[in-house]
Amino acid sequence: MPFWFEMLLSVLIVLAATLVLIGSWGLVKLPDFFTRLHGPTKASTLGAALVLIASAMYFSQRSGSLSLHEILISLFLFITAPVAAHLMAQVALHQQDKQPPIDKSLDPIDGDTSS
């Protein structure tokens, strides 16, 4: 395997790991459910796609023919991730409508409790 090809695969995998880390960080640190939903659906899906591209390139080069397993996995990932995120957002919106509005004056973090 040529050195430049190994470097290309390494760059793809490191970039994918960085995107997955950013998505996971967003899942933990973003303030509410709707903003947290973007981390795994956008960054992590793109990171997984880069890993699958690197895997397809590696196995295609190794076997000498096109590896289609990763294409099927990518297709499944790109179909299911937005649908799952959409369903979770709809459920959260539906549950948000059922709850009474939050009184910000009683909240010790956002509200003013000094007076």
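# A walk along the helices

Begin by selecting helix H1, residues 3–29. At 1.5 Å a residue, its 27 residues should span 39 Å, and the end C-alpha atoms are 38 Å apart, which agrees. Keep in mind as you look around that this is a predicted model.

**Stop 1: the inward side of H1.** Stay on the helix and show the side chains of Phe 5, Leu 9, Leu 12, Ala 16, Leu 19, Gly 23 and Gly 26; these are the buried residues of H1. An α-helix has 3.6 residues a turn, so residues three or four places apart point the same way. What do the buried residues of H1 pack against? Bring up helix H2 (33–36) and helix H3 (38–63), and you have their partners.

**Stop 2: Leu 12.** Which residues does Leu 12 contact, leaving aside its neighbours within four places in sequence? Look for Leu 50, Ile 53, Ala 54 and Met 57.

**Stop 3: the aromatic pairs.** The structure holds 3 aromatic pairs. One of them joins Phe 33 and Phe 34, edge-to-face, at 5.6 Å centre to centre and with 80° between the planes. Colour this pair by accessibility: Phe 33 counts as partly exposed at 32% relative accessibility, and Phe 34 is partly exposed too, with a relative accessible area of 27%.

Next, select Tyr 58 and Phe 59, which also form an edge-to-face pair, with 5.0 Å centre to centre and 75° between the planes. Are these two buried or partly exposed? Tyr 58 counts as partly exposed at 29% relative accessibility, and Phe 59 is partly exposed with a relative accessible area of 36%.

**Stop 4: the annotated stretches.** To finish, highlight residues 7–28, 40–59 and 71–93, which the unreviewed UniProt entry annotates as "transmembrane region". How much of residues 7–28 is helix? The chain there is 100% helix and 0% strand, and the end C-alpha atoms are 32 Å apart. Move on to residues 40–59, where the chain is likewise 100% helix and 0% strand; here the end C-alpha atoms lie 27 Å apart.

Technical notes
Residues numbered from 1 in each chain as written. Predicted model: local features only at pLDDT ≥ 70, side-chain atom pairs only at ≥ 80, totals over all residues. Heavy atoms only, no water. Phe/Tyr/Trp six-rings, centres within 6.5 Å; stacked < 30°, edge-to-face > 60°. Buried < 20%, exposed > 50% of the residue type's maximum accessible area, 1.4 Å probe, protein only. Helix = DSSP H or I, 4+ residues; strand = E, 2+ residues; numbered from the N terminus. Expected span 1.5 Å × (residues − 1). Contact = heavy atoms within 4.5 Å. UniProt positions renumbered as here; feature names shortened; annotations may be inferred.
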